[in-house]
Amino acid sequence: MAYLTCPWCQSPQLVADEAAEYQCYTCYGDVRFAKCSNCGLTQTVHKKWIAFTCNRCARKNDIPRQWSYATSVKANRVEGIAKPFPEF
């Protein structure tokens, strides 16, 4: 089980290792996982975001509108929490 943090409400969540997405138990936000195209950091991102700011290199990353399970990053690879773009 991966121990992840929701990017929206910052509450910790237990997620199955091979999950490609999950729903937060606290805020009911739909969360996916994305990899930064610049530094490669894998992060949690809200499913409704169209872009995110990397937590390591602070660069903008666009999120694809459609994701397949086969090409998605899995929960056991997540290393950080993304910030929305533009940052608040």
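Two strands count as paired if DSSP finds at least two bridges between them. Strands themselves are DSSP runs of E with at least two residues, helices are runs of H or I with at least four, and both are numbered from the N terminus. With that in hand, take a look at one turn: strand 4 and strand 5 form a hairpin with six residues between them, and G40 in that turn has a positive phi of about 85°.

Before going further, a word on what you're looking at. This is a predicted model, in which local features need pLDDT of at least 70 and side-chain atom pairs count only at pLDDT 80 or more, while totals for chains, interfaces and linings use all residues. Residues are numbered from 1 along each chain as its sequence is written, and side-chain values use heavy atoms, with hydrogens and water left out.

Now the overall picture. The protein chain has nine strands and zero helices, so the pattern along the sequence is simply β-β-β-β-β-β-β-β-β, going by the DSSP runs. The C-alpha trace spans about 30 × 30 × 20 Å along its principal axes. A compact globule of 88 residues would have a radius of gyration near 12 Å, and the protein chain agrees, with 12 Å. (That radius is taken over C-alpha atoms, and the globule rule is 2.2 Å times the number of residues to the power 0.38.)

What about inside and outside? Of the 88 residues, 43% count as buried; buried means under 20% relative accessible area, exposed means over 50%, and partly exposed is in between, using a 1.4 Å probe and protein chains only. The chain exposes about 5,400 Å², and carbon and sulfur atoms supply 50% of that. Those areas come from the Shrake-Rupley method with a 1.4 Å probe, and for residues only the protein chains shown count as cover. Among contacts with a separation of 6 or more, 42% are between residues 24 or more positions apart, where contact means heavy atoms within 4.5 Å.

Let's walk through the sheets. Strands of a sheet pair through backbone hydrogen bonds, either parallel or antiparallel.

Strand 3 pairs with strand 4 (residues 30-35) in the antiparallel sense over three bridges. Along this pair, E21 stands opposite R32, and Q23 has D30 as its bridge partner. Y28 sits in the loop between them and has a positive phi of about 60° although it is not a glycine. At 57% relative accessibility, Y28 counts as exposed.

Strand 4 and strand 5 run antiparallel and are joined by five bridges; F33, for instance, has T44 as its bridge partner in strand 5. Strand 5 covers residues 42-46 and includes H46. Is H46 buried or exposed? H46 is buried, with a relative accessible area of 10%. Leaving aside neighbours within four places in sequence, H46 is in contact with P7, W8, G29 and D30. D30, you'll recall, is also the bridge partner of Q23.

The other sheet is an open one of three strands, in the order 7-6-9, with antiparallel pairing. Strand 7 and strand 9 stand at the edges with a single partner strand each, so one side of each is left without a neighbour in the sheet. Strand 6 and strand 9 pair over two bridges, and T53 stands opposite K83 in strand 9.

Most residues other than glycine have a negative phi, and most peptide bonds are trans. A58 has a positive phi of about 60° although it is not a glycine. You'll find A58 in the loop between strand 6 (51-53) and strand 7 (60-62), and at 54% relative accessibility A58 counts as exposed. Further along, a cis peptide bond joins F85 and P86, with omega at about -5°. P86 lies in the segment after strand 9 (83-84).
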